[in-house]
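Here is a quick tour for someone meeting this structure for the first time. Take a look at it before reading on.

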Amino acid sequence: MTNQLREVLKAAALLVVVLSLTATTALAQTTEVPRDWDGNPDLNGVWQTIGTAHWDLEDHPSGSGHPDLGAIGAIPPGQGVVEGGDIPYRPEARQQKQDNFANRMTNDPEAKCFMPGVPRATYLPYPFQIIQGNQKIQIVYGFAEANRTIHMDKDNPEPPPIDSWMGRSHGRWDGDTLVVDAQGFIGEAWFDRAGNYASAALRVEERYTLTGRNAIMYEATITDDTVFTRPWKISMPLYRRLEENARVLEFKCVEYSEDLLYGHLRREPTR
Amino acid sequence: MKRTTSRATVALVTLGLLATTRDIVLETAAADADYHHVHITSFAPPVSVRWYTEHLDCQPIADRDDAADCQGVEVTFVPQPTSGGTQGTGVNHIGFSYADLTAKMAELEAVGSRGSGVRLQRFEDGSTLREAPGLFKYGFIFDPWGTRIELVEDSEYLGFHHIHLSSTDPEATLAWYQDVFGGETASMRGRLEGLLYGDIWLLASQHLEGVPAPTEGRAIDHLGFVVDNLDNAANDMRRTGVEFQQEPRVPENARTSSKRAFIYGPDNVRLAVVEPGFAGVETDRGTETATDTGPYDSPQTPWGEPDIQGIWTGNAAHGIPLERPLDLVDVENLTADQAAARREGGTLGSIWGYEREWRDTTLGYDKNAPSTQVAMIIDPPDGRLPEMTATGKRTAEAAARARALYTENRSAGPEDLTPYVRCITRGLPGMMMPSIYNNGLQITQGPGFVAIQKEMIHETRVIPTEERTPLGDKLKMYLGDPQGHWEGNSLVVETKNFNGKTNYRGSGADMTLTERFTRTAENRLEYQFTVNDQTIWTQPWTGVFTFNLDNDQYDLVEYACHEGNYGMFNILSGARALDKERAEGPR
């Protein structure tokens, strides 16, 4: 027997032991994931996506950015995260998306340091922290001071008190998956830097499923009858930031948006 | 049953080992809703709740150990000294109605007077029930605190049934009540004249011996009437010569935010007139001084840390100045009226303040009585900021010059405006301070972390409670680098690495901020903050105020400050217009 084979067998034997142990304690648990005090998956931690969803949710080739920034500002190519490939826009809405892209340098809410909305906050290229309490779950994002409260403690989801950038979120556990219903959006947020967008009729159902200690499979189903012909879904992994000192640093980007927004009103105009 | 639509409150009050006093509140005709409540004195409210639940078929109320729901009428028991039962006063008894009084009385007779049981009043022939010709069966019992209770069999009005006054001139007395409080003249089965408030009868009989004793201090201390607008009602009452024992105000340390006044009705009956504070919602407010009830045993999270989670507001604390006003050097606490006026001036008095009704209802401002605390600073003991260093004074002068650019509309660009105006941050400890609106503070905990979200501007601090490597010197931020730990039930947070772009009363980048969050009662979170910035001040200084819990009603709204900052466009375009005018001279 080769050493390699011996190692494989040893590993297989270990696996059998582990499986038999878990089978007796928790039949429903197919994957070993960290769990919190009440047995639900423990999502506490600092997480971040890797990819180009924040550039464009759909398949996209590379493209040019702001000429002053050279290659730094260029759009990197990326594979889409939309199930089935394309976002099912209504024809008139697709035109709006194209207009958004054409005017993205000044109109993208991200450029203005506006709150990114849902699901965009999830896959912006910044870490975010989940604080999983026994009443509510707080998500603190690394951009524009955006944050969300996922109300786990409301038996009957209440209508959103007002329309907002981040919406109102109610959560529940579906087995080992945290399911969040988010609605009550203001209708001005975009989904990415490509100008993909939704209206105030947007409703997002998110599913957070731990696939192990260090990854969450994130799925978001997007429903907005005024912009899309049918609901559509994106999915991507969220990775745990493993650095020992990982944290969400304060990034108050307002001051970096002020020239864009108010430069023409300076005594010495910059725009 | 008509009672199902009515909301009435009966409150029983107790203190020490003394007996029961209560006040009964009816609504006025002007209010035209059927809202009533009764306060009753009892030495142990939970015992009284049990008694009224067991013997008069009232229901306990969730989360309240001082109140019972008596067939739609809320009965609240409040600790208060009493000096005797109801008989002999101008309020002889209250009445409850049962469909089968014979069965009810048999049940009560079986209980007897064992322990804090039921005392029955027997008629001369030893019976407990009689038939009032043309009316119904009736009998009397007493509660353990001296309240005489008539039980009747009136199928038309079941449950809490009536209040029976004892008067030297019953007809004039009922006329007085109708004049002052409204109420509908009605005849009970054509036999007994009275007033109906909703579906509760107010009846009056001839007082037999002399003049009724004052109700004040007795088992039923007073009756209460609810009005929509107490100030208007009080003006009307003054015009008709009503004597006020206490002018309208929100009582200090009251259980509810209701504004109330006390007046005297005929026959020495003390009457409360109440304006519901917040859409009729009553909320426990706790006491003003956190320490007067001894140490509070804080709840724990499931993972074993003190639990300070919830939605808190700084509404009660709004208006407390940081420094002790010089004219209040020897004042320990403001009066409730002074406190109310101070806060009112700080909210409605400001052009920034929201409209009153929205403030009081949506924000629930009135649910928390304004704090009577004179000032926030407790150290130095004189309540004043310590002396500044030479650097501190120079910095303060520069800050004043910068502010003038704003106040004189000369801002060259956004940088001349404060980070608050720019919707960046209020800094620390500024962001924790009570503001004129959007005072919500939501705390969520996970193992090892406390997230503190402030509604104003929308900022969230994530504080680790387990030690972590602090940030290096090059990494400075508006809200700094916090490190928390638990000391007993207190969350202690030390924050450094400020970028110095904000200042609180002069504080700068060298500040170390130490905060203590201590839950001193179920609904109170004491917040103590110590500013140590030796570049600016010659010594550290400490302030304190309290947040109040409002989980039931308050939800933080998203304060999308920057996203809707039209003020920036207006301020800067105004400054440019003035630039032009200054350059060209006035036309």
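What follows covers where the two chains meet and then a few local spots.

## Ground rules

This is a predicted model, where local features need pLDDT of at least 70, side-chain atom pairs count only at pLDDT 80 or more, and totals for chains, interfaces and linings use all residues. Residues are numbered from 1 along each chain as its sequence is written, while chains are lettered from A and ligands numbered from 1 in the order in which they are written.

Contact here means C-beta atoms, placed from the backbone, within 7 Å. By that rule, 34 residues of chain A are in contact with 40 residues of chain B. Helix 5 of chain A gives the largest share of chain A's side, four residues. (Helices, H or I with at least four residues, and strands, E with at least two, are DSSP runs numbered from the N terminus.)

## Two cis bonds

Most peptide bonds are trans. Still, the bond from V118(A) to P119(A) is cis, with omega near 5°, and P119(A) sits in the loop between helix 3 (104–107) and helix 4 (120–123) of chain A. Over in chain B, the bond from L428(B) to P429(B) is cis too, with omega near -5°.

I457(B) has a phi near 70°, a positive value in a residue other than glycine.

Key
Two residues are in contact if their C-beta atoms, placed from the backbone, lie within 7 Å.
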